[in-house]
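Reader: I'm new to looking at protein structures. Could you walk me through how to read one?

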Amino acid sequence: MRVSVIGGSTVTDEQYRQAREVGRRLAEHDHTVVCGGLTGVMEAACAGASEAGGHTIGILPGKRRAAANDHVETAIATGLGSARNVLVVLNGAAVVAVDGGPGTLSELGHALDEGRPVAGLGTHRIDGETGERIEHVETPADAVAYVESAVE
């Protein structure tokens, strides 16, 4: 399945490590990583997936595919800026969020609105009025296990 990995473009070493492990574990379970294609969590998840032989898709905010991080296998230029956030979410069956700022918050809102299961590692806490929520987990392994159980 495709799993969207979202999070901050500027991260700590620990957040980078977590996102890289998420990407690696997803690839080891034969899942494709979908992300925004740039730096931080996006780069780390793609690096981990690539190292494990997985496929990565970057849905870029700009018009140049060449702007993608070096670990994106399939780069999709949109020219949509942050409006591309909904496309990142829609192209995964589930979402893993690592940390994140306002852009990640936007993607989380889209994910919950679209009914996508969301695993969160140190990300925003959102509990919707109608049961939409983020499953906050402790480890990358827990994040992958959650999205697998929630979709399959």
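This is a predicted model: local features need pLDDT of at least 70, side-chain atom pairs count only at pLDDT 80 or more; totals for chains, interfaces and linings use all residues.

Reader: Okay, how many helices and strands does the chain have?

Author: Count the elements, then read their order. Here you get 5 helices and 7 strands. Starting at the N terminus, they go β-α-β-α-β-β-α-β-α-β-β-α.

Reader: What does the radius of gyration say about the chain?

Author: You compare it with the value for a compact globule. For 152 residues that would be near 15 Å, and the chain has 13 Å, so the two agree. The C-alpha trace spans about 40 × 30 × 30 Å along its principal axes.

Reader: And what share of the residues is buried?

Author: Buried means under 20% relative accessible area. In this chain, 47% of the 152 residues count as buried. You can look at contacts too: of those between residues at least 6 apart in sequence, 55% join residues at least 24 apart.

Reader: What about the charges: how far apart are the mean positions of the positive and negative ones?

Author: The chain has 12 positive and 21 negative charges, and their mean positions are 7 Å apart.

Reader: Let's zoom in on D70. Is D70 buried or exposed?

Author: The cut-off for exposed is over 50%. D70 has 76% relative accessibility, so D70 counts as exposed. You'll find D70 in the loop between β3 (56-60) and β4 (74-77).

How values were computed. Residues are numbered from 1 along each chain as its sequence is written. Side-chain values use heavy atoms; hydrogens and water are left out. Helices (H or I, at least four residues) and strands (E, at least two) are DSSP runs, numbered from the N terminus. The radius of gyration is taken over C-alpha atoms; the globule rule is 2.2 Å times the number of residues to the power 0.38. Buried means under 20% relative accessible area, exposed over 50%, partly exposed in between (1.4 Å probe, protein chains only). Contact means heavy atoms within 4.5 Å. Lys and Arg count as positive and Asp and Glu as negative; His and the chain ends are not counted. The place of a charge is taken as NZ of Lys, CZ of Arg, CG of Asp or CD of Glu.
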